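Have a look at the picture before reading on.

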Amino acid sequence: MVWPIRSRISSLLCSKAPLVGSYVYDSWWCSRFSVQRPWPKFMDCVKTDRCRAAASLPWLKEKQPEDPGICVRLGRENKGLDEGNMAEIDGYQNLFGLMKQRFLNFKNQKYRKELEHFQALAEAQYPKFMVIACADSRVCPSNILGFQPGEVFMIRNVANLVPGMKNGASECNAALEFAVTTLKVENILVIGHSRCAGIETLMNMPEDVESRVHPSSRNFIHKWVANGKLAKLRTKAATAHLSFDQQCRFCEKESINQSLLNLLSYPWIEDRVRRELLSLHGGHYNFSNCSFEKWTLDFKACNLREEGSSYVVKEQEFWC
């Protein structure tokens, strides 16, 4: 009698799968591992058939059930988490519930609809851009500039800084080396932003603190933002008559240009820029008024020298 029972239950699951697929998986099948109860062997066969059926299901939201009473796609603990802001949600379980729904939305509304594209990305990546952006939670390049999977090789750090080659190895220049020498990106874009706490820390640091930052120092933030000290010096020289807030706003862009110059301290970057195989760009996102400035480093007009380089930019645009 095992086979008729299995066939009956399997057909029932397949017929109702668009309605109960997620709920069955979350509540019934998973309970096998969390609750001690007898488990009939024939249910293993049913689970296999159910998983095969669910694997080819359309996105659950594409077809609404006729009877709202049997809409059990979400468990009670996850209701209302399809949409929302993490800042407004309490409890890590609810946060991961929201994260789960966002992932499922991506999988069903993006991944499955562009399956061929994502399967190709699973084999290799060919991004045209390398982006270096700040780790600030308010500045997400993929969000504000619409980058799609496979388009950008990205690194984010405090204050979107690029240390010079003489400063030694870091996760930043390791990523740069891979992007430029292996992926052969055609553009590097350094993105800064308004009200950057990293830049404010740099501008607040006394000169003697910068000189006393030792490689073994445990003040990691001071040690890192000290990579922007040349930008700070230029800012102080150009804006001595301005308020501290205005100086910080100036330094946000000055540090971007200093990072573009620092990129040229790496021979494998400078060589590709010289051969016009790679372009260096700066960008600044102002989230106070939602505007974006973009510019390109004019390599031929730049004056590169060991004791202090100067830069020239071109192709400036303002998006608002």
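## Starting with one pair

Find Gly-283 and look across to β5: the bridge partner there is Lys-294. Keep in mind that you're looking at a predicted model.

That pair sits in a bigger pattern. Strand β4 covers residues 279-286 and strand β5 covers residues 291-297; the two run antiparallel and are joined by six bridges.

## The whole sheet

Now zoom out. β4 and β5 belong to an open sheet of six strands, and if you read across it, the order is β2-β1-β3-β4-β5-β6. The pairing is mixed.

Which strands stand at the edges? They are β2 (152-157) and β6 (313-319). Each has a single partner strand, so one side of each has no neighbour in the sheet. On average, neighbouring strands are turned by 20° against each other, if you ignore direction.

## A helix on the sheet

Next up is α12, which packs on the sheet and touches β1 (129-134), β3 (187-193), β4, β5 and β6. The direction of α12 makes about 160° with that of β4.

## Two helices crossing

α12 (residues 244-263) also meets another helix, α8 (residues 197-204): their axes come within 9 Å and cross at roughly 110°. That's why α8 counts as roughly perpendicular to α12. The crossing is right-handed.

So who's touching whom? On the α8 side you'll find Ile-199, Glu-200, Leu-202, Met-203 and Asn-204. On the α12 side, the contact residues include Phe-244, Cys-248, Arg-249 and Glu-252. Sorted by type, the residues of this contact split into six nonpolar, three polar and three charged.

Notes: Residues numbered from 1 in each chain as written. Predicted model: local features only at pLDDT ≥ 70, side-chain atom pairs only at ≥ 80, totals over all residues. Heavy atoms only, no water. Axes fitted to C-alpha atoms, helices over the stretch in contact; angles between N-to-C directions. Helix = DSSP H or I, 4+ residues; strand = E, 2+ residues; numbered from the N terminus. Parallel < 35°, antiparallel > 145°, perpendicular 65-115°, else oblique. Left-handed = near helix turned anticlockwise from the far one by under 90°. Contact = heavy atoms within 4.5 Å. Nonpolar A, V, L, I, M, F, W, Y, C, P; charged D, E, K, R; others polar. Pairing = 2+ DSSP bridges.
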